[in-house]
Amino acid sequence: MTQPIIVCEQVSKRYGSKKALEGLDLVIPEGRIVGILGPNGCGKSTLFRTITGMTRPDQGRIEVLGGPPGWRTNANIAYMPDRARWYPNQTVRQAFDWGKSFLPGFIMEEALKFAEWMDIDPDMKVGGMSRGQEARITLILCIARNVPLVILDEPFAGIDVLSREAIVSGIIDHLEDREQTMLISTHDIQEVEGLFDYTVMMDAGRAIWSGETDALRAEYGSLHHVFRTLYKKEWRR
């Protein structure tokens, strides 16, 4: 395994009586496109918030980019949450100007290139956009940054199948020239499973399988098939 970019040791997090993460042990190598997969409520979003330091674990240790999560590591992380909000009168270009001013590693030229490729008019106001178009803006603000770690929480929500396929192809081409690690959680496995070269399967706040995606396919078939059988007894550990 290459140098790990994220290490979790017995990480637990509760929200009241709900267990979001429960003794999570996980090591993610750098330089991979990693699929974080599992049903709703399995802990994917909490894991991402813990990696970015937005949420502190109740127990356990987490290391990101060689140190504890916080403002120092966050300068090197591009994070796309599962829901984002924009001012209705804000244009796409203004959103990109904000990114250039405040987001380390943001490259305006790449953002405009992605906008053209995703059929987004830079002068369009956010208030007139669909949810899928808004999701594309947030996605662009992440992938137009040259930082070591990119985290995308359900980036394809509200985006049609054909657009998803184009975006996946673009992400692959985009990462060819960069040494980045990208974590992606999604329910749209059939359309995007070819993107992942490393996979983490989560259930009940734990990582029940992690490793090379090709090894997972060789043992169980497609990722879609694996996801459908997630609750079967053989997946419980």
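Ile6 has its bridge partner in strand S2, and that partner is Ile28. Keep in mind that you're looking at a predicted model.

How many residues sit between S1 and S2 in their hairpin? There are two, and Gly16 in the turn has a positive phi of about 70°.

S1 has another pairing to look at, with strand S4 (residues 59–64). That pairing is antiparallel too, and runs over five bridges. If you want to trace it, Cys8 has Ile62 in S4 as its bridge partner, while Ser12 stands opposite Gln59 in S4.

Here are the two pairings side by side:

| Strands | Sense | Bridges |
|---|---|---|
| S1 and S4 | antiparallel | five bridges |

What holds paired strands together? Strands of a sheet pair through backbone hydrogen bonds, either parallel or antiparallel.

Now put the pieces together: three strands form an open sheet in the order S2-S1-S4. S2 and S4 stand at the edges with a single partner strand each, so one side of each has no neighbour in the sheet. On average, neighbouring strands here are turned by 20° against each other, ignoring direction.

What lies across the strands of this sheet? Helix H1 (residues 44–51) does: H1 lies across S1, S2 and S4, and runs at about 65° to S2.

Terms used: Residues are numbered from 1 along each chain as its sequence is written. This is a predicted model: local features need pLDDT of at least 70, side-chain atom pairs count only at pLDDT 80 or more; totals for chains, interfaces and linings use all residues. Side-chain values use heavy atoms; hydrogens and water are left out. Two strands pair if DSSP finds at least two bridges between them. Helices (H or I, at least four residues) and strands (E, at least two) are DSSP runs, numbered from the N terminus. Axes are lines fitted to C-alpha atoms, for helices over the stretch in contact, and angles run from 0 to 180 degrees between N-to-C directions. Contact means heavy atoms within 4.5 Å.
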